[in-house]
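We will go from stop to stop, and each one tells you what to select.

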Amino acid sequence: MTNRMPRDSEHERSRDNHAQRISRLFSEHNDSLIQFLATRLRSVQEAKEVAQEAYVRLLSLEDSGAVSFLRAFLFKTAANLAVDRIRSRNRQRQALHAGLCDECRETPTPDREAATAQEVDELAGRIRNLR
């Protein structure tokens with residue numbers, strides 16, 4: 001008879017290990033990720049938002065073991081999200097110029113920008129607390 005821990009315990013350990021890897025990835029590479037994205041998006045605020053979404057996607061991976069190079073996966077995911085955002089921005093701009101979208105005329109309010117910045121800061125704090 002072998003002494004094996006229940007699968008739930010193994011799953012929790014695997015999840016904790018994954019969270020620790022993401023936390024380490026954040027602390028080691030977040031600044032360079034933000035710079036990378038800010039160059040593409042021409043906005044530090046948008047770069048932080050896209051980085052946040054990329055980290056959320058990384059954290060939600062079911063099997064992080066399948067991704068052996070998390071840093072490369074993070075940057076590729078973030079780059080893809082940035083491209084999506086740029087395309088969306090371009091579509092909105094085209095719709096605005098064509099007069100098709102009144103909502104596109106709205107610029108983000110200072111309150112909305114502050115709320116978004118606060119959300120980014122909260123996520124960064126949560127990631128740091130995963131250690």
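**Before you click**

This is a predicted model, in which local features need pLDDT of at least 70 and side-chain atom pairs count only at pLDDT 80 or more, while totals for chains, interfaces and linings use all residues. Residues are numbered from 1 along each chain as its sequence is written, and side-chain values use heavy atoms, with hydrogens and water left out.

**Stop 1: the whole chain**

Colour by secondary structure and you will see four helices and zero strands, in the order α-α-α-α along the sequence. Helices here are DSSP runs of H or I with at least four residues, strands are runs of E with at least two, and both are numbered from the N terminus. Of the 131 residues, 31% are buried; buried means under 20% relative accessible area, exposed over 50%, and partly exposed in between, with a 1.4 Å probe and protein chains only. Among the chain's contacts with a separation of 6 or more, 70% join residues 24 or more positions apart. Contact means heavy atoms within 4.5 Å.

**Stop 2**

Select helix α1, residues 7–41, and pick out H29. Is H29 buried or exposed? H29 counts as buried because its relative accessibility is 18%. Leaving aside neighbours within four places in sequence, H29 is in contact with Y55, R71 and F75.

Next, pick F26, also a residue of helix α1. F26 is buried, at 9% relative accessibility. With residues up to four places away in sequence not counted, F26 touches Y55, A124, I127 and R128. Now draw a line from F26 to L74: the two are 48 residues apart in sequence and 9.8 Å apart in space, C-alpha to C-alpha.

Then go to L41, again in helix α1. L41 has a relative accessible area of 1% and is buried. Which residues does L41 contact, leaving aside its neighbours within four places in sequence? They are E46, A47, V50, A82, R85, I86 and R89. The C-alpha atoms of L41 and I86 are separated by 7.0 Å, although the two residues lie 45 residues apart along the chain.

Step on to R42, in the loop between α1 and α2. R42 is exposed, at 77% relative accessibility. Check its backbone too: R42 is not a glycine, yet it has a positive phi of about 60°. Most residues other than glycine have a negative phi.

**Stop 3: α2 against α3**

Show helix α2 (residues 44–59) with helix α3 (residues 70–98); their axes come within 9 Å and cross at roughly 130°. That makes α2 oblique to α3. Axes are lines fitted to C-alpha atoms, for helices over the stretch in contact, and angles run from 0 to 180 degrees between N-to-C directions. Angles under 35 degrees count as roughly parallel, over 145 as roughly antiparallel, 65 to 115 as roughly perpendicular, and the rest as oblique.

For the side chains, select E46, E49, V50, E53, A54, Y55, R57 and L58 in α2, which meet L70, F73, L74, T77, A78, L81, A82, R85 and R89 in α3. The residues of this contact divide into ten nonpolar, one polar and six charged. Ala, Val, Leu, Ile, Met, Phe, Trp, Tyr, Cys and Pro count as nonpolar, Asp, Glu, Lys and Arg as charged, and the others, Gly among them, as polar.

Keep α3 on screen and highlight its buried residues: L70, L74, F75, T77, A78, A79, L81, A82 and A95.

**Stop 4: α2 against α4**

The axes of α2 and α4 are 10 Å apart and the helices pack at an angle of about 40°, so α2 and α4 are oblique to each other. Select Q45, K48, E49, Q52, Y55 and V56 of α2 with E113, T116, A117, E119, V120, L123 and I127 of α4 to see the contact. By class, this contact has six nonpolar, three polar and four charged residues.

End on the buried residues of α4: T116, V120, L123, A124, G125 and I127.
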